[in-house]
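Dear colleague,

I am handing over the structure below, together with some notes on its pockets. Please read the notes with the coordinates open beside you.

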Amino acid sequence: MDNEVLISYLPRYIDAFWLTVRIGFIGIALSLVIGVVSAFFRYFKVPVLSGISGFYVELFRNTPLLVQLFFIYFGLPKVGFSVSAEVCGALGLGLLGGSYMSEGFRSGLEAVSVSQTESAVALGMTPRQMFQHVILPEAFILSIPATVANVIFLLKETSVFSAISLMDLMFTAKDLIGLYYNTTEALFLLVVFYIVMLLPVSIVGNVIEKKVRFRMFGA
C-alpha cells in the first residue's frame, strides 16, 4: 500500500463521492415520493391507477438498474427525449427505488392490526380521521426498517452509474486502475468511501427506528 498514491488519489475520490451522494439522494427523494403515491393507489384500490401502479412495481423490481439506465440514456433520445447522465442516474434510481418503496409502504399500511381500526371506529372516528391518526402513523413506523434497507440498497446501486460515464466512485476507481495500475490503492479508497457513505445511513436509520418505536409503543 503506497501512502503517496492514496493521498494523490484523494481529491478525485472526494469529487466522485459528492457526485455519488448528490445523485443518490436526489434519486432516493424521488423514490420516496413515487413509493408513497403508488402505495396509496394500491392500498385504496384506486380504479385504473392501482393496476398501473402494480404493473410499474413489477416491471421495475424485476429489471436491473443497468438495463433501466441504458433505456433512459440511450433509448429515450431515439424518440426525441435526451437527458444528461446525471438526470438519467437520478431518474433511474428514483424509478427503481419507487417500486421497492411502494411495496415497503404498502406492507406497512396493511400491517396495521384490525383491532386498531376497530377501536378507532368504536371511538366514533370518521374514515379520514382513522387513516390520519391511526393507520398512517403506525404504517409509517412499521415501514421504517424497509425504508432504511431500501435507502442503503439504492446507494449501493449507484455503483452502476459508471456505465453511463458518470464520474462516480466506481468510475473513478476503474479509471485510475486503468491509467496507473495501482489496483490495491484504488480499491481500498473505493471501499473506504462507500463505507463513509453507507455506514452513517445505517446508524441513523437504526436510531430513528428505535426512538420512534419507543415513543409510539414504549419498547
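**Pockets in the model**

Among the elements around the second largest pocket, α3 gives the most to the lining, with four residues. Please keep in mind throughout that this is a predicted model.

The second largest pocket has a volume of about 160 Å³, and the residues that line it are Leu59, Phe60, Thr63, Val67, Gln68, Phe71, Ile72, Leu76 and Leu95. Two elements, α2 (49-61) and α3 (65-75), are the ones that give two or more residues to this lining. By class, the lining of the second largest pocket divides into seven nonpolar and two polar residues, with no charged residue.

Turning to the largest pocket, the space within it comes to about 270 Å³. This pocket is lined by 13 residues, of which Thr147, Val148, Val151, Gly205 and Ile208 are the closest to its centre. The elements that give two or more residues to the lining of the largest pocket are α7 (144-157) and α9 (183-217), and it is α9 that supplies the largest share, five residues. When the residues lining the largest pocket are sorted by class, ten are nonpolar, three are polar and none is charged.

With best regards

Notes: Residues are numbered from 1 along each chain as its sequence is written. This is a predicted model: local features need pLDDT of at least 70, side-chain atom pairs count only at pLDDT 80 or more; totals for chains, interfaces and linings use all residues. Side-chain values use heavy atoms; hydrogens and water are left out. On a 1 Å grid over the protein atoms alone, a cavity is a set of points where a 1.4 Å probe fits but cannot get out, and a pocket is an open set with protein on both sides within 12 Å along at least five of seven lines; lining residues have an atom within 4 Å of a point. Grid points are joined across faces, edges and corners, and a volume is the space filled by probe spheres set on the points. Ala, Val, Leu, Ile, Met, Phe, Trp, Tyr, Cys and Pro count as nonpolar, Asp, Glu, Lys and Arg as charged, and the others, Gly among them, as polar.
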